[in-house]
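Subject: Structure handover, salt bridges

Hello,

Here is the structure I promised to pass on.

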Amino acid sequence: MRLPWDRSKPPQLDLLGPEEPAPTAEAPALTTASDAPPQEVPTMPLAEPLPTPTGEPLLIPLSALCEDPDNPRTEFPLAELQELAEDIRQHGILQPIVVQPADAEGHYRIHFGAKRFRAAGLAGLTQVPVTVRPTAADPYAQVAENQKRHGLSPLDLARFIRSRVDLGESNAMIAKRLGIDLTTVAHHLALLELPPPLEAALRTGRCAAPRTLYELNKVHAQRPEAVVKLLKGDAPITREAVAALRQTTRKPKARKQTAPTSKAPATPAQPGELAKRADRMCTQLAAACSQLRGAGLDQVPADQLAALRERLSGLMVLLDP
C-alpha cells in the first residue's frame, strides 16, 4: 500500500492555498513578511480580573433569625440537639440555613434548618451562615426536606396532615403530594385522637408505628385492660401481638341481657391529664403568638394588644403555689 507521505517525516500541510503563479513584469512580486518594514503594535489595556465567585453564604446574627410557626417539625429531642451542637462546636455549620428575605424589622424567617438553628444556640454561636431564598415557603417541600434528613416523627407528620385537612385539602391530594397511600394518611390522623395509654406509648417510643397504634386503638375500645397489660409488659409490640389480641376480642363470651342501668358519674380528670392538656394548649398558644408576631404586631390595635398581654400575664397566677 502506498502512503501519501513518508511516516518518518511530519506531513507538510498547505495552509496558504494553491501555489501562486510566478510574478510577471505587469505584476510585481509580493513582498514577504521579512521584507516589510516593522509596524508598531498598539498596546491593549489589560482588563480588570473578574472577581472569583466564592459561593460564601451570608453571616447574620443568630438573634436575627426566627422560626417558621408553620414548620411541620415541632419535636426536637434534646439528645439529638446536644449531639448536633457538639458537632457544630467542632466543625461549624457545614450547610447554611435557608431563610426568606428579611422583613421590615430585619428578621429572617427560617425555611430549612430549624434544628441547626436551635443547635447553634446550644453551641454558643452568635452568627450563623444563611442562604436567602426569595421564593415563598412550600410546606410540602419542608416535609420532604425533613423526611430526607431525619424523618419527621409520626406526630409531627400527623399534625402536618391535619393542618392541610383544615385548609380544605382532601386526603387523596395529601397522599399524592406526600407520596404515601390513603391508608397511611388515615393511620396518622388517628394518632391525634389516641386514648391516654396509647398516647403515652407513642411519646415514650414504646410503640411508634402508626398502623400498629391504629389497630391497638380499635382493640382498646373493647378491651382496654388487655391493651394496657400489653403496653406495660416487656414483650415487643408487634402486629402479630396486636392480631392475637384482636382475635380474642372477636370471640366474646355470650352474656345474658340485663336491664339497662344508669350510667356511673364521669370520673374527674386526673391532675396529670390536666397538665398534659394544658401543655398541648400552650404549644398551640405559642404558635398563634408567633404567627401574630410574624404578621406584624404594629397591625394590632394598641388596646387590644395590651389586653392580650395582660391576660397572658394573668395566666401565670393560676400556676402559683
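A search of the whole structure turns up 9 salt bridges. A salt bridge here is a side-chain nitrogen of Lys or Arg within 4 Å of a carboxyl oxygen of Asp or Glu.

Please note that this is a predicted model: local features need pLDDT of at least 70, side-chain atom pairs count only at pLDDT 80 or more, and totals for chains, interfaces and linings use all residues. Residues are numbered from 1 along each chain as its sequence is written, and side-chain values use heavy atoms, with hydrogens and water left out.

Start with helix H4, residues 154-166. (Helices are DSSP runs of H or I, at least four residues, numbered from the N terminus.) Asp-156 pairs with Arg-159 there, and their closest N and O atoms are 3.1 Å apart. The two sit 3 residues apart, about one turn of the helix. Asp-156 is buried, at 0% relative accessible area. Arg-159 is partly exposed, at 31%. (Buried means under 20% relative accessible area, exposed over 50%, partly exposed in between, with a 1.4 Å probe and protein chains only.)

Asp-166 and Arg-162 form another salt bridge, 3.8 Å from N to O. They are 4 residues apart in helix H4, about one helical turn. Asp-166 is exposed, at 56%, and Arg-162 is partly exposed, at 29%.

Next, Glu-169 and Arg-164 meet at 2.7 Å, N to O. Both partners are buried: Glu-169 at 16%, Arg-164 at 14%. Finally, shared partners link Glu-75, Asp-156 and Arg-159 into one salt-bridge network.

Best wishes
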